[in-house]
Structures are given as C-alpha cells and as structure tokens.
Amino acid sequence: MEALKKIFTTREKDPVEEVVVKEEKKDVKLTFFESGYGSSKQASGNHKVFRACLNDVYMDYKRKCAEDEELQKKLKQPHIQEKGREGIELKKRQTAKAILEESIKTDEEKIEECEHQIVEVRENPEKYVEEVDKKPKAQFYLGLIVLIPITFYLLVFYISASFSAFFKDFENSELSAAIFDGKSFSKALEHGVLEAVFIATIPFAFMGLGYLIHMFQKHKNWLSYVKIGALFIITFIFDAILAYQIEMKIYDYNKTPDSREFDLSIAFSKVEFWGIIFAGFVVYIIWGLVFDFIMKEYENIDKIKAFIRSKRETIVNLQKSIAEAIEKLNGVKEEISGIEARIANLQRTIDGFVFPNKRYLTYHAEYVKGWYLAITDNFLDLKRRDELLSKCDEVEKEHLTKYDLTDENTEGIIYKSQLK
Amino acid sequence: MLNIKKMNEITTELKSHFLRLYEMAFADNDFDVLETQMLYKFAEERNISKQELDNILLSSQQESLVPESLELKVEYLYDLAVMIWADGKVTEDEMITLKKYCLKFGFLEENLEELTSFLIENAKKHTPKTTLLKQLT
C-alpha cells in the first residue's frame with residue numbers, strides 16, 4: 001500500500017512567479033509638484049521654458065519606465081497571457097489543418113483506388129465480384145447464339161405438332177407430313193385467325209415453363225426442386241398428349257376393321273410417339289438449360305455493372321467530402337494567418353516597451369500644478385498672470401496632444417520597439 | 001467483435017474526461033501538432049464524435065486546468081488508460097501520451113514507469129474506478 005502511495009506522489013507546486021511592483025512613494029508626486037514649482041519660479045512661468053520642461057519631464061519618466069524591468073513585466077503581463085491564448089488557438093487550428101489535409105489525401109487515394117478498380121473489374125471480375133465468371137460477356141453472347149435458333153426450332157416444332165394434334169385432317173393430308181407440316185401455320189390461318197393464334201402461342205407456354213425453371217432455381221431449397229420436378233412432369237405429360245393425339249390420328253387413318261382400338265400400349269410401341277416426345281421435350285429441356293445459363297451470365301454482367309456503379313457513387317461522395325474539406329481547410333488557413341499576425345503583433349509588444357500613460361498623467365498633473373502655483377504666487381499683476389497661465393495651458397494641451405496622452409481611458413501606450 | 005464491444009463501453013464520463021485532457025494538450029508545449037493530431041485520431045477510433053472534437057479545434061474555449069485533488073488526477077489518468085486499452089493494445093505513442101499527462105499532473109518523473117504500468121494493468125483488468133481510488137486512501 002505504501003509503495004502504491006509512493007508512486008502517486010506529486011511534486012511540490014512550483015512557486016508562482018509574482019510580479020511585485022514596488023509601491024510608489026507618495027513623495028514621488030510631491031517631487032514632481034516641487035520640481036514644477038521650482039522650475040516655474042526660476043523661469044518666471046515662461047511658456048517656452050514650460051514647453052521644454054514638460055518635454056524633459058516626459059522623456060525622463062519614459063526612460064525610467066523603460067529601464068524598470070519589473071514595471072515592464074507587469075505592464076506586459078496581459079499581452080504575454082494573450083499571446084499564450086493565441087498560441088493555444090494556433091495549435092488547435094494547425095491540428096485541424098493537419099487533420100483536414102490528411103483526410104483530403106486519404107480521400108484522394110480512395111478515389112484513385114476506386115478508379116483503378118473500375119478499370120480492373122473488367123479484366124479480373126472474380127477479384128472484386130463474388131461468384132462471377134471470368135468472361136461473362138463472351139459466354140452470354142455464345143449462349144444467346146445457341147438459344148435463338150433453339151427458340152425458333154421450338155416455335156416451329158410446337159406450332160406444327162399442336163396443329164397436327166388438334167386440327168389436322170389426316171384424310172386429306174400426306175402421311176409423311178403427319179408430324180411435321182411445313183404449311184401448318186398457313187393452313188391454320190385458312191381455318192380461322194383463332195386457330196392460327198392458338199397454334200402460334202402454344203410454344204410460348206413451353207418457353208414460359210422454361211423461364212419458371214430458371215426462376216425456381218434461384219432459390220435453392222427443397223420446395224423449388226419440387227416445383228421444378230412438377231414442371232418437368234407437366235411438360236412431359238403435355239408433350240405425351242400431343243404425341244398420343246398425333247399417333248392416334250395416324251393409327252385411325254391406317255387402321256383396318258380388325259385392328260383393335262388405339263390405346264396407350266399401342267402408343268408406347270410406336271416410334272413416332274417417342275420421336276415427337278424427344279423432338280419436343282428434350283429440346284425444351286435444352287432450351288430451359290441454355291436460357292438459365294445465359295440469364296446467369298447476364299446477371300454476372302449486371303453484377304459488374306452494379307460494382308462499377310457503386311464505385312462511381314463512392315467517387316462522387318468522396319469528391320463531395322474533399323470539396324467540403326477544402327472549404328474548411330481554407331477557412332482554417334485564413335484563421336491561422338490571422339492568429340499568426342496577432343501573435344507577431346503581441347510579440348512586438350512584448351519585445352517593445354509599454355508606457356504607463358495614466359501613471360504619467362498623475363505626475364504630469366502634479367508638475368503642471370506646481371508650475372501654475374508658482375505663477376500665481378509670484379505674479380501679483382492679474383492681467384500678466386492670466387496671460388501666462390493661458391499660454392502655459394495652451395502649451396500643456398499641445399504637449400498632451402503631441403504625445404497622444406489625451407485619452408485617459410487607455411492604459412498603457414505600446415511602443416513596438418525598445419527605447420534605446 | 002471484441003474490440004467493438006469494448007469500444008461501446010466508453011462512457012460519457014470517459015469521453016468528457018478525454019475531451020478535457022485533449023483541451024489541456026493544446027495549452028501544453030510538451031504536446032506538438034503531430035501529437036494532438038494523433039490524439040484526435042485516437043479519440044475518433046474510440047467513437048468520440050468528430051463534432052465534439054472539432055468543437056475543441058475550431059472554437060476558442062477556456063483553457064482546461066489540471067485537476068487539483070489527487071483523486072481527480074488519478075480518475076482522469078485512469079480514464080485515459082481505459083481508453084488506451086479499449087482496442088486491446090497499447091502503442092508506444094499512447095504510452096508516451098499517458099506519461100506526458102502524468103508529468104503534467106505533477107507526478108514524479110522517477111515513478112512514471114510504475115505509475116503508467118499500474119494504470120494500464122488495472123485498465124486491462126477492468127478494475128472499477130472506485131476500487132482503484134480506495135487503494136490510494
């Protein structure tokens with residue numbers, strides 16, 4: 001415990017340096033009065049001599065003040081304190097300036113980094129964007145090149161197959177065109193616009209199913225897989241229905257009286273039945289996979305675009321913050337030069353000399369009182385006396401104006417250089 | 001994660017003590033501009049708002065005086081030690097700063113090493129301020 005107390009020992013307080021100015025003796029005032037009285041008596045109150053005497057008294061007092069170090073210390077004390085306060089403010093502003101300059105530099109470096117990343121992300125996307133391929137654009141366009149012909153194939157196949165299944169009259173048609181009929185659309189149109197619209201829009205139902213597979217794959221959970229499985233089954237059944245209907249029409253066209261009724265077992269044993277299913281269903285699966293693939297690549301391109309967009313936004317925000325910091329910095333710089341100027345001015349005062357004008361005016365008044373009293377004592381002629389007093393009064397005013405001593409409210413006239 | 005949790009433990013009292021210490025640094029010739037800049041970042045990293053710090057930097061305020069009583073001096077220095085330890089490490093600069101404040105508060109130069117180690121060790125152990133002060137009486 002004692003050891004702990006020991007480490008918490010504080011040093012004795014530094015003795016506060018006190019500026020003690022010796023008490024001015026009361027007889028100093030008297031000396032001035034006597035000096036004024038004596039000189040006036042000697043010079044018979046002459047105003048020209050009075051002028052010289054006042055100058056002499058002033059210069060003498062000023063010299064004594066300049067040589068009195070203790071007095072000067074006391075008079076300069078407020079200026080020294082003020083300089084200390086300004087010094088604190090200067091250090092604060094210099095700290096603010098350093099912090100602002102550093103923040104501008106950091107922001108500029110960040111902007112540079114963002115600009116670099118914007119260029120770099122196109123070359124090495126996997127470095128900045130998660131789960132992205134190296135060449136998303138090339139893969140996207142390659143996928144698109146494959147997808148477009150398959151889309152046309154699906155359009156043509158399902159238009160033809162659905163026409164054959166739903167509307168084709170096999171009695172008047174060639175059997176070779178039972179599955180694929182090159183004129184299915186125009187034939188459907190002949191039967192009516194609605195028929196044409198029906199067979200033309202059926203392929204889009206399959207493409208819609210393909211699109212749904214892509215959407216369900218985005219959420220990797222068991223429910224999505226169930227939905228995808230259900231979609232495949234539905235599409236397969238739909239394809240099977242088309243194939244069954246076409247196959248049934250072909251069978252009915254070719255059947256003899258002893259042929260048995262068309263059923264599923266007959267359909268399953270026919271090559272055309274499976275041909276229709278595979279030419280439609282398998283290609284539909286391929287279409288769905290290619291579509292899913294190019295959509296993913298498109299999203300990758302989008303991710304890179306989003307990355308670039310976010311970096312550009314960051315740059316704009318950083319530029320704004322730099323502009324704000326520069327504005328603040330200019331204000332701080334202005335304040336620093338103002339404070340530095342004030343400190344330099346205060347330093348000149350501290351290096352210079354402070355004249356205690358109020359104190360001087362007290363002695364000056366004593367001296368003038370002595371001078372005037374000698375005139376009144378020694379001149380009985382009222383006219384002569386008044387004339388002298390009035391001339392001396394003028395000289396006194398002139399003296400005070402000359403040395404800027406008329407303002408009694410100011411304490412301490414500052415001389416920025418030493419009197420020597 | 002641990003550091004973030006610790007940072008959140010910096011209380012309002014700790015902040016106000018630090019701001020007063022920061023104010024003192026400007027009136028002390030022992031602290032130069034680089035150190036006051038370092039202290040600014042130090043505070044910023046410990047969730048003291050930029051605005052509070054800028055208020056000190058950009059406005060003229062009364063000079064903060066060194067606390068008179070031993071208890072208050074120890075409180076201030078201990079709070080600084082807690083802030084230093086808030087990120088779980090003590091850098092050389094932080095140690096120098098703590099020593100400078102100890103000197104400014106009138107503690108003896110020959111005890112500086114022991115004194116600062118004592119403060120940091122207690123900050124590491126999360127010793128409550130009241131317990132620390134009791135040891136001195």
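Of the 420 residues of chain A, 23% count as buried, meaning that 20 or more other C-beta atoms, placed from the backbone, lie within 10 Å of a residue's own; 12 or fewer makes a residue exposed, and anything in between partly exposed. Keep in mind that this is a predicted model, where local features need pLDDT of at least 70, side-chain atom pairs count only at pLDDT 80 or more, and totals for chains, interfaces and linings use all residues. Residues are numbered from 1 along each chain as its sequence is written, while chains are lettered from A and ligands numbered from 1 in the order in which they are written.

Let's stay with chain A. It has 13 helices and two strands, which are DSSP runs numbered from the N terminus (H or I with at least four residues for helices, E with at least two for strands). Take helix α4(A), residues 69-123: its 55 residues should span 81 Å at 1.5 Å a residue, and the 77 Å between its end C-alpha atoms agrees with that. The expected span here is 1.5 Å times one less than the number of residues.

A:E411 is partly exposed, because 13 other C-beta atoms sit within 10 Å. In space, A:E411 is 9.4 Å from A:V354, C-alpha to C-alpha, although 57 residues separate them in sequence. A:D404 lies in that loop between α13 and β2 too, and has a positive phi of about 60° without being a glycine. A:D404 counts as exposed, since it has 11 C-beta neighbours inside 10 Å.

Over to where the chains meet. Chain B brings 22 residues to the contact and chain A brings 16, with two residues in contact if their C-beta atoms, placed from the backbone, lie within 7 Å. On the chain B side, α3(B) gives the largest share, four residues.

Another helix of chain B, α5(B), has 16 residues that should span 22 Å, and its end C-alpha atoms are 22 Å apart, which agrees. Its buried residues include B:L77, B:Y78 and B:W85, and what covers the buried residues of α5(B) includes α2, α6 (92-104), α7 and α8 of chain B. By contrast, B:N47, in the loop between α3 and α4 of chain B, counts as exposed, with 12 C-beta neighbours inside 10 Å.
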